[in-house]
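Biologist: Could you take me through this one and tell me what stands behind each label?

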Amino acid sequence: MLTTLQPRFNAVTTGNRIALLAAAAALACAPAAFSQSVTPTVTAWTRNTGGQTGYNGILANVTLVRHSAGFVYPSSAGIPSYAIGPWPANPNIPANQNWVFRITKTPVVATTPTATPLGVIGVLINGVPFFNALDAMSYNNLNIWHRNAMYWEAASFDACKGHPAPGGVYHPHQFPACVAPTSAQQHSAIIGFAFDGFPIYGPYGYANADGTGGIARMRTSYRTRAITQRTTLPNGTQLQASQYGPAVSATYPLGSFVEDYEFVAGLGELDAANARFCVTPEYPNGTWCYFSTISAKGATEYPYLVGPRYKGVLVTGNTGPGGGHVTPTDAPVTFTGSACVADINRDRVVNGGDLATLLTEWAGGGGAADIDRDGDVTGGDLALMLSAWGTCP
Ligand SMILES: [Ca+2]
Ligand SMILES: [Ca+2]
């Protein structure tokens, strides 16, 4: 699906193109070899480099990024730098969690997908973990009709869509719009990583998986079922009367239980994990990634962030009792560098290899070379690349 990228030289004059290609040829050099490669998994974090504090004076964002050959270890208190709260009808108070998560640099698609657990299922770029759609409760405690936190807990979310759990774990269950600027005209930024290591973006991606077609809202392939009684499961299983959920009503509206949703392959761009394989600005060769799902009107839509199952193999250490307090044993180094956005091929040097990609995408609709993310590849991107020329800081 990635073979349809075509060179788009039409807006570059022949003279300019020859000069730039000559420069690219002269400047291209072999990428440096890093035993700890600096991938987007390393650079995407919002690091606290100035002692910034958030809620209750707690150190905000990601306080330390360490990485080894195989893993990245972001540390955080779990508090963002933006204002959070209040949380009506929620007695909990956000507290420093001393998180140390383990994110793999080489995520692998799972042949047998793991269900996303209760509690933390991934971490935002600011070190705040996120949960899935569930609130840990089910109708009559039967573990059959599981409550959708987006309905049952909505009153306690703050303006950034987060709230604290018992123990002070501040978290969202849905797209936390405060984490990164979002525009329908630009490919969304990476907002975090699921604990299988695949990135999660905001709502907007490239219309086509090969990076062409402009920007589009990535649509969920889940929809609410056409039911008025809760007597069957989404897979068609007929329940016994004792297992029925409540009839659909004003108290129990459609969508108030996650079993009110069904997956319809092809309904949207995203699969049952809320993921898609596609080119992104950070992954010009394509990656599996999740998108935050919202409706055309901007309301968050099930399954919100990561689907009920991970796309990839779940990395141990982050979930379950005591999870998220990893002690690295693989000699990680501390990352103190920049994201280096002009380094399109991610070899930590901005040089002819990156320029060649920029020329290939020249005047195109916002591929990997759209460094300033304004929707096309033009002189603004070239200027950014030239200003960053050389080894990444
Ligand atoms: Ca490069
Ligand atoms: Ca641009």
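This is a predicted model: local features need pLDDT of at least 70, side-chain atom pairs count only at pLDDT 80 or more; totals for chains, interfaces and linings use all residues.

Biologist: Fine. Which stretches make up domain 1 and domain 2?

Modeller: Domain 1 is 1-31 + 342-393, and domain 2 is 39-225 + 258-336. Their C-alpha centres sit 31 Å apart.

Biologist: How do you know that domain 1 and domain 2 are in contact?

Modeller: Contact needs C-beta atoms within 7 Å. On that count, 15 residues of domain 1 meet 15 residues of domain 2. The domain 1 side has five nonpolar, six polar and four charged residues.

Biologist: Why is H4 called roughly antiparallel to H5?

Modeller: The axes of H4 (residues 352-360) and H5 (residues 379-387) cross at roughly 180° and come within 11 Å. The label takes angles over 145 degrees, so H4 counts as roughly antiparallel to H5.

Biologist: What makes the contact between them?

Modeller: H4 brings Asp-354, Leu-355 and Leu-358, while H5 brings Asp-381, Leu-382 and Met-385. By class that's four nonpolar, no polar and two charged.

Biologist: On to the strands. Why do E1 and E2 count as paired?

Modeller: Pairing takes at least two bridges. E1 (residues 62-67) and E2 (residues 71-76) have five, in the antiparallel sense, so they count as a pair. Leu-64 faces Ser-75 in E2, and the two strands form a hairpin with three residues between them.

Biologist: And what makes E1 and E19 a pair?

Modeller: Two bridges join E1 to E19 (residues 333-334), with the strands running antiparallel. The cut-off is at least two, so E1 and E19 pair as well. Arg-66 has Thr-334 as its bridge partner in E19.

Technical notes: Residues are numbered from 1 along each chain as its sequence is written. Chains are lettered from A and ligands numbered from 1 in the order in which they are written. Domain bounds come from an automatic or database domain assignment. Two residues are in contact if their C-beta atoms, placed from the backbone, lie within 7 Å. Ala, Val, Leu, Ile, Met, Phe, Trp, Tyr, Cys and Pro count as nonpolar, Asp, Glu, Lys and Arg as charged, and the others, Gly among them, as polar. Axes are lines fitted to C-alpha atoms, for helices over the stretch in contact, and angles run from 0 to 180 degrees between N-to-C directions. Helices (H or I, at least four residues) and strands (E, at least two) are DSSP runs, numbered from the N terminus. Angles under 35 degrees count as roughly parallel, over 145 as roughly antiparallel, 65 to 115 as roughly perpendicular and the rest as oblique.
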